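Student: I've just opened this one up and could use a hand finding my way around. Can we go through it together?

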Amino acid sequence: MNLFKISWANVKNKKLNSFLSVLLLTLGIGLISILLLLNKQLDEQFRKNLRGIDLVVGAKGSPLQLILSSIYQIDSPTGNVSLEEVNRLKMNPFVKTVIPLSMGDNYKGFRIVGTTGKYPEHFRATVGTGKLFEKSMEATIGSKVAEATGLKPGDTFAGSHGMDSEGETHGESLYEVTGIFEPSGSVVDQLILTDLASIWDLHQHEEGHSSQAPALLEPEEDHDHEEGEAHHAEAEKQVTSALIGFRNPMGAVMLPRQINDNTNMQAASPSIEINRLFELLGVGIDTLRALAVIIIVIAGISVFVSLYNSLKERKYEMALMLSMGGTRSRLFLMLLSEGLLLAVFGFLAGISLSRLGLWVFSRSAEKDFHYSLADFGFLPEEGLLLAGAIALGILAAALPSLGIYRLNISRTLAED
Amino acid sequence: MIAAKDLTFSYSPGADARSFSFPDFRCSNNETLLILGQSGRGKTTLLHLLALLLRPASGEILIDDTAVRELSPRQAAGIRAQKIGIVYQKAHFVGALSVMDNLLLANYLSDRPQDRERAVFLAGELGFAGHLHKKTHQLSQGEQQRVSIARALMNNPTVILADEPTSSLDDLNCDRVIHLLQEQSQKLGASLVVVTHDQRLKSRFPNSISL
């Protein structure tokens with residue numbers, strides 16, 4: 001028998017009231033916690049893949065779409081640009097690196113990206129087993145791809161057209177797996193990398209009997225198909241986009257304007273576009289956060305009302321305990337710890353709920369975008385959340401419990 | 001032992017102040033005393049004075065030959081916890097706790113070691129040994145009153161005060177409760193003071209005074 005046991009017995013004794021208080025706290029805290037978790041993980045994923053990429057050039061269209069498709073591989077590409085034009089950028093004094101990318105096919109939902117050896121180098125992805133692709137129709141696959149598809153070095157597979165696994169397959173030209181990348185935590189994990197030449201070869205080859213042009217994702221493909229034959233001459237090699245690294249920060253000032261004004265391409269700055277994206281998301285996040293705070297305040301009121309009512313009912317009990325030698329501060333502590341218990345339960349349930357939510361969210365993100373957000377660690381901000389919950393529980397319990405200091409023992413005992 | 005001398009009390013000093021003055025009495029160890037009085041004669045007031053829950057306007061109370069009038073509320077609570085066991089008219093308990101825990105609560109609140117054996121022993125003596133793990137509201141009124149007697153005995157008090165312990169009980173339970181109170185206070189060598197309007201008890205106590 002101790003204070004804590006009495007508090008616990010009281011919490012258990014009014015199950016519905018306690019349940020309501022804990023439920024509200026759980027929802028509020030769970031919501032804030034999952035916002036914190038998602039914010040951290042999205043931020044991490046976005047920043048990590050952004051490192052060292054100062055500019056992305058590609059076909060004109062939405063700059064955000066260009067960034068999402070070229071860096072994060074989550075949106076459709078904007079269209080094609082000529083390789084010659086991209087290569088001309090290498091001559092620009094501000095430019096240090098140019099990594100061309102060619103997209104448009106997938107294997108079982110994993111994107112096949114034609115590029116050069118500089119791409120995995122940039123993301124610090126190293127080949128674990130096997131070796132890096134060297135010539136056309138050789139492919140090196142990311143760790144998640146290997147895990148999901150079971151492909152090993154030496155295996156062959158046929159890519160499908162488009163960005164989802166339902167596309168038409170390029171049945172006659174098979175890729176050969178030459179190696180598997182070590183997990184790097186970057187976008188490379190979920191990609192199949194091949195030489196730029198593979199994409200040209202594949203689509204050149206198909207040109208004869210298939211109506212698909214390499215401008216794979218243009219919905220208006222049909223209209224430029226007529227001129228396609230002539231267009232795709234050996235000289236007019238095309239790529240989807242290119243990732244640019246600057247030699248010095250001046251590039252950020254000069255280059256985008258040069259490209260946007262003087263070429264058929266557009267230049268998009270990843271940091272600006274991602275900040276814009278987060279700003280857009282921010283409105284929704286702020287709304288959810290405000291909602292969570294409101295729910296938490298209601299939870300506090302619920303704890304308050306529940307303790308206030310039960311204290312009225314238990315007035316005689318309190319007087320009895322006082323008459324048996326209990327001190328007022330002891331009983332006050334007992335009532336406080338009832339609020340505290342509810343707060344701690346709400347917090348624990350909220351944290352569990354947010355992990356569950358994250359798991360569900362991560363599973364769907366993994367399925368749709370191959371991004372894993374499953375980092376269930378405890379965040380430092382959640383420590384603050386715990387402190388807040390405890391403060392709320394204590395405050396909500398303290399207000400009604402102060403009545404114990406005004407309780408007239410004799411009168412209360414005589415009244416009933 | 002417990003004794004009172006020239007005891008007076010008045011509620012809320014003011015125009016409609018109700019004042020009581022009480023007869024002197026003394027109840028030594030191993031003795032019993034019945035205080036009879038009709039409603040409104042200050043029975044509960046007297047009991048609360050003796051239990052140090054109220055402070056008398058004048059007069060003196062002696063518990064084990066110590067004057068207790070001038071004690072601070074905290075000291076009074078200490079004396080109450082250590083020396084006095086109280087049985088109330090209606091048996092009240094901490095509803096969330098089991099019968100056993102309600103008994104141990106008396107030990108806990110008076111800062112004594114929690115004596116499970118004594119709780120089991122008293123439950124056997126008072127005939128509710130089978131109910132120790134039930135909640136108190138699951139017991140009948142007679143059983144509840146016996147549990148509240150056991151609770152008053154948990155700290156081995158030297159004074160047992162009972163406020164209308166039998167008023168809500170039928171004759172059979174009334175007899176049983178009074179018998180148990182007398183028997184248990186005898187075993188402890190304590191003084192037993194019963195305050196009641198219940199005329200049934202008159203024949204059961206050798207010493208009685210009327211308010």
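**A first look at chain B**

Student: In chain B, what share of contacts between residues at least 6 apart in sequence join residues at least 24 apart?
Tutor: Before that, this is a predicted model, where local features need pLDDT of at least 70, side-chain atom pairs count only at pLDDT 80 or more, and totals for chains, interfaces and linings use all residues. Residues are numbered from 1 along each chain as its sequence is written, while chains are lettered from A and ligands numbered from 1 in the order in which they are written. Two residues are in contact if their C-beta atoms, placed from the backbone, lie within 7 Å. Counting those pairs in chain B, the share is 72%.

Student: What radius of gyration does chain B have?
Tutor: It's taken over C-alpha atoms, and the globule rule is 2.2 Å times the number of residues to the power 0.38. For 211 residues, a compact globule would come out near 17 Å. Chain B agrees with that, at 17 Å.

Student: Is Glu164(B) buried or exposed?
Tutor: Buried takes 20 or more other C-beta atoms within 10 Å of a residue's own, exposed 12 or fewer, and partly exposed is in between, with C-beta atoms placed from the backbone. Glu164(B) has 20 such neighbours, so Glu164(B) counts as buried.

Student: Which loop holds Asn30(B)?
Tutor: Strands are DSSP runs (E, at least two residues), numbered from the N terminus. Asn30(B) isn't a glycine, yet has a positive phi of about 70°. Its loop is the one between strand E3 (25-27) and strand E4 (32-36) of chain B.

Definitions and conventions
Helices (H or I, at least four residues) and strands (E, at least two) are DSSP runs, numbered from the N terminus.
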